[in-house]
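Okay, thanks for coming, everyone. Let me put it on the screen.

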Amino acid sequence: MTWIKRAGDRRMLRLLSRVFPPLQTQGKAVAVYRRLCSAATLPVSACSGSAVKFIMEPKLYRPPPEVRGMTSLDKEAFTQTITVPALRVPTGVLNKVVKSLKKSAIQCPGIPRVVQDKEESSDFRLVLLDPHKVSSAASFSEAEAEALRSFSVPEELQHYELQLTYHNLKTEEVLEAVLPQGQDVTSSFSRVGHIAHMNLRDHQLPYKSLIGQVIMDKNPGVTCVVNKTNMIDSTYRNFKMEVLAGEENMVAKVKENGVNYEFDFSRVYWNPRLSTEHQRVVQLIKPGETVFDVFAGVGPFAIPAARSGAKVLANDLNPESYRWLQHNCKLNKVEKKVRSFNLDGRVFIQGPVKQELLALLKGTAGVHVVMNLPALALEFLDAFRGLLHQEPPCDENLPIVHCYCFSKDDNPETDVVKRASDSIGFPLENQCSVHFVRNVAPNKDMFCVRFTVPKEVLFSKDHDQTEPSEEPAPKRPKCEEATDST
């Protein structure tokens, strides 16, 4: 492994091993990594970091120099006329010719491949060709040339004056033309209903209004573009944001895995990148089982679980999340299957969870505890120590915990298991599973640790607990939950 020298290489190798389960052996992951670098026509030494840059094809549009540095969007300034080659084709064989030339025909958003003949004859049309691929009749492949001969189309190229405008450009093309050369161009965002949520870098802030307008123009249905202006507040898991373009309506309507949600995006936590993870966990829950959702948010675990036939107790400290959780339960007609609470997570575990748990342990239906507060959830595992210390121990039907966390460690799986073990006060090595959820930032990954609460923890006499207070919990310190756009 001497060729992997930089931290970026190690992160890529680690990510490959998670994304492709068969590559759990280092040798296979290394082989795939080398092939990625080879496909990119770059030396392996140039492929460090979490991204591989591939060779780009020449671009049809070359922006006018005067748009560089533009901070207020002037769409007309992007207009440009270029000359492209074209073939004059009889209308009777037009569709067949277009199909045969699909690799050579022009491909540009909003530009038709077929246009009116210069002589405005109804018997002919012009098929526009990509000037980077076709410069003369000799540019056609053998198969293309044979097709043209079979359709009796002369290989005589004509010149066509093609006007390209702002509307023909992709988001990346506009921003690359505007932002200073050599600086990163960020066009990615999270879509939350009608809201596009961005996380702009400092060098992009002078262009924030223009970026917002471009994002809105190029993405149908987006009527509001916002930028995160501070870290996620780990108390209520929301953050301050500013509107870059469009309306200031923050009440979003989204549909995830067949479930409808409504919420004020500026006052609650919602991450569209967790859709697959929500579905994965809900599919582990069987009808008739019980789910305790400690940090429920607006209900992305709780409501689907209830719809699948589970009994759910859902809690969130944020009063706004609690309000929208109740709203979404009614929206999805599961309000009778979900009991909602507005408590601190530890108070919820030592209160409602404790009150329900003893009876559940005597039954046969499974019990699940979901703890999706990755910045801090591990710290709440100590709430299970001696939770049922006054009851006789049993090892039947013990609750299964799904606890989320972040790690920046070079051996993240080992790191999160150790931290979970330290918090709960019992060694969980070889007694839990660690599921990679996603990469949230360079060298920062999100995981789900799944384990059954040991009876030695739940019934421990060494950790007598006091009755939980009904007073609001003190605010937790701010913590950077994610450095990507959510």
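So, start with Gly221: leaving out residues up to four places away in sequence, Gly221 touches Arg191 and His194, where contact means heavy atoms within 4.5 Å. Before I go on, a word on what you're looking at: this is a predicted model, where local features need pLDDT of at least 70, side-chain atom pairs count only at pLDDT 80 or more, and totals for chains, interfaces and linings use all residues. Residues are numbered from 1 along each chain as its sequence is written, and side-chain values use heavy atoms, with hydrogens and water left out.

Back to the glycine. Gly221 sits in the loop between helix H6 (208-218) and strand E7 (224-228); helices (H or I, at least four residues) and strands (E, at least two) are DSSP runs, numbered from the N terminus. Gly221 and Arg191 are 30 residues apart along the chain, and their C-alpha atoms are separated by 9.9 Å. Is Gly221 buried, exposed or partly exposed? It's partly exposed, at a relative accessible area of 48%. For the cut-offs, buried is under 20% relative accessible area, exposed is over 50%, and partly exposed is in between, using a 1.4 Å probe and protein chains only.

Angles here run from 0 to 180 degrees between N-to-C directions, and axes are lines fitted to C-alpha atoms, for helices over the stretch in contact.

Inside that sheet, strand E6 (residues 195-198) and E7 run parallel, joined by 4 bridges, and Ile195 stands opposite Cys224 in E7.

Helix H5 (residues 171-178) packs with H6 at an angle of about 160°, their axes 10 Å apart. That makes the two roughly antiparallel, a label for angles over 145 degrees, with under 35 roughly parallel, 65 to 115 roughly perpendicular and the rest oblique. On the H5 side, Thr171, Val174, Leu175 and Val178 make the contact, and on the H6 side Leu210, Ile211, Val214, Ile215 and Lys218.

Further along, strand E9 (residues 251-256) has Ala252, Val254 and Glu256 on a covered face, and Val251, Lys253 and Lys255 on an uncovered one. E9 runs antiparallel to strand E10 (residues 259-264), with 6 bridges joining them, and Val251 has Asp264 as its bridge partner. The two form a hairpin with 2 residues between them, and Asn257 in the turn has a positive phi of about 50°.

Last stop, cysteines. How many disulfides does the structure hold? It holds 0, counting a pair of cysteine sulfur atoms within 2.5 Å as a disulfide. For Cys448, the nearest cysteine sulfur is that of Cys403, 7.6 Å away, and Cys448 is buried at 1% relative accessible area.

Methods. Pairing = 2+ DSSP bridges.
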